[in-house]
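Colleague: I'd like to learn how to read aromatic rings in a protein model. Could you walk me through it?

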Amino acid sequence: RTEVRNVCCVGAGYVGGPTAAMMALQNPHIRVTVVDRDPARIKQWNSKHLPIHEPGLEEILRIARDGTKAFKFFNEPIRSESFDGMSSASSTTSECESQCGEHREEIIVSARKPNLFFSTEVSKSISEADIVLIAVNTPTKMRGIGSGRATDMTALEAVSREVAIHAKPGAVIVEKSTVPCRTAEMIQDTLKTYRPTLSFEVLSNPEFLAEGTAVTDLLHPARVVIGSSPTPAGYHAASLLTSVYASWVPRSRIVTLNTYSSELSKLVANAMLAQRISSINSISAICEATGASIDEIALSIGLDPRIGSKFLQAGVGFGGSCFKKDILSLTYLAESLGLPEVAEYWNQVLTINDWQRSRFVRRIIKCLNGTVVGKKIAILGYAFKKNTADTRESPSLDAIKSLLDDAPREIAIYDPWCDPSVVRDELARLLGKEILKVNGGPIEVFADVYRACESAHAAVIMTECDEFRKTPASKSPKLAPTKSARKPGLIDPRPFERLEPTESETLSLHKYLKATFNVEDPLGRYENEPVYARRGEEERGE
Ligand code: NAD
């Protein structure tokens with residue numbers, strides 16, 4: 001039986017980076033190389049400042065990329081030995097297990113030979129690999145036939161050609177990107193065109209991780225789906241990939257399907273998740289008009305095991321790079337198969353999402369007596385959700401654009417995960433330089449939540465960041481967690497109580513906002529996303 005010794009992952013993005021890192025961590029005997037055509041991205045992966053923030057990812061890289069000793073928790077992201085008070089435990093142990101708190105299994109991984117590499121040598125790495133994972137971007141096509149609907153296959157097609165030219169005979173090619181159904185056939189055709197005398201197996205292995213919880217999702221996947229052709233060669237290729245995952249994923253969770261079912265299952269999974277969000281959001285509008293509570297409804301229906309409680313939180317609508325594009329891809333597929341009713345059904349999920357987003361902005365403006373002219377609005381949360389700096393399809397950006405139409409004096413943005421200068425650059429690129437405060441425009445981006453909220457007429461919480469909800473947010477610098485402890489991706493090793501200042505010394509952000517805006521509860525609470533609005537005497541009355 002062939003053994004896997006060398007894996008190449010093409011595409012060092014949100015999926016390729018963490019997935020390859022987890023494979024390398026769990027398979028010290030396999031050399032894993034992540035390649036990308038973007039040298040800047042590879043440089044970041046080879047530095048301390050990773051291109052993406054994921055809790056636990058830095059620590060995995062310490063072990064697999066740098067070969068340094070680190071602590072690993074099976075039920076939690078990984079902690080490196082740089083944390084105070086934890087390093088002594090590892091001093092004499094090469095690999096041991098001990099109980100560390102409830103349900104936490106601590107593994108101390110000793111220094112080991114690095115087996116994770118990041119490189120721009122795409123063709124060389126492909127030529128050395130037993131398994132080639134393709135994890136490049138597959139966004140929505142923005143021009144030509146199918147514009148705004150179909151999947152843009154430019155990157156995937158380019159990689160398929162590279163793979164067809166350089167892959168070693170017998171290498172297994174794996175689609176990790178989310179692709180339209182029957183893409184494996186297209187890759188096979190490319191392989192046959194360039195290497196007509198050889199035969200390769202193409203597998204589908206869609207990724208189900210969610211940004212912000214990528215490490216936990218990869219560590220404990222609900223399932224790993226592997227699609228292959230229903231032939232002995234296809235089953236053999238699937239067994240090779242299975243052996244890589246089986247190093248840490250229970251066999252019962254590794255599901256093998258036919259290639260096309262596997263490709264389609266990723267689109268369907270995202271469509272079903274997005275559908276739940278649009279379903280509960282549509283009901284939230286009925287609640288607001290009737291006095292029923294959407295939280296109580298979510299609780300009561302979620303207790304039915306046939307429905308379940310996940311993805312039932314009403315909010316400002318979904319964002320991110322996947323849900324919308326995958327539903328568009330599904331509806332395009334349905335239409336091209338002559339199934340307009342199916343396409344229309346899934347399209348409604350997107351229609352409700354857009355409607356919910358605009359409803360939220362109308363709500364903010366209504367809270368402010370119908371006008372934002374001359375007012376300052378603080379937007380808390382800029383990325384598309386918590387624990388990520390990814391701003392693709394962010395509801396915040398949509399809200400900012402709509403609010404700008406109503407000419408506010410200032411829009412103050414804060415996100416604990418986003419670098420203010422990166423946000424400024426992005427907004428200047430998307431909306432024009434003149435919208436920035438430095439150029440006389442209304443938008444300013446802050447690194448401090450209190451400065452963002454200072455003298456604001458409304459503070460709008462756009463993401464469910466823990467910092468907005470639970471973490472004591474102190475106005476007194478001496479009580480705030482140190483800068484290094486708050487660095488994204490690291491777990492603060494100090495007990496929570498030690499950080500918690502007394503009531504008189506600080507206010508939680510929610511309390512701070514209530515006090516600042518002089519309201520008992522958020523005004524215009526929009527289900528789970530509150531809007532705090534200041535109402536001066538002159539602004540009272542709707
Ligand atoms: P990304 O844009 O973060 O990363 C893609 C990388 O591929 C980029 O770094 C890009 O430079 C590189 N690339 C493009 N063409 C290349 C080429 N010819 N040669 C070498 N490198 C090339 O994208 P992502 O978010 O990681 O998504 C990748 C795929 O995974 C997509 O199909 C996406 O739908 C799917 N997916 C994403 C998520 C997610 O949460 N982001 C989750 C599951 C699945």
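Colleague: Which residues form one aromatic cluster?

Modeller: F311, F318 and F323 do. Bear in mind that this is a predicted model, where local features need pLDDT of at least 70, side-chain atom pairs count only at pLDDT 80 or more, and totals for chains, interfaces and linings use all residues. Residues are numbered from 1 along each chain as its sequence is written, and side-chain values use heavy atoms, with hydrogens and water left out.

Colleague: How many aromatic pairs are there in the whole structure?

Modeller: The idea first: rings of Phe, Tyr and Trp (its six-membered ring) pair if their centres lie within 6.5 Å; planes under 30 degrees apart are stacked, over 60 edge-to-face, and the rest tilted. A search here finds 5 pairs. Take Y245 and W248: their ring centres are 5.5 Å apart and the planes meet at 45°, so this pair is tilted.

Colleague: Are Y245 and W248 buried or exposed?

Modeller: Buried means under 20% relative accessible area, exposed over 50%, and partly exposed in between (1.4 Å probe, protein chains only). Y245 and W248 are both buried. F311 and F323 make another tilted pair, with 6.5 Å centre to centre and 55° between the planes. F311 counts as partly exposed because its relative accessibility is 37%, while F323, at 13%, counts as buried.

Colleague: Which charged residue sits over the ring of Y260?

Modeller: A charge sits over a ring if NZ of Lys or CZ of Arg is within 6 Å of the ring centre and within 35 degrees of the ring normal. For Y260 that's R182, with its charged end 4.2 Å from the ring centre. Likewise, R223 lies over the face of F208, 3.6 Å from the ring centre.
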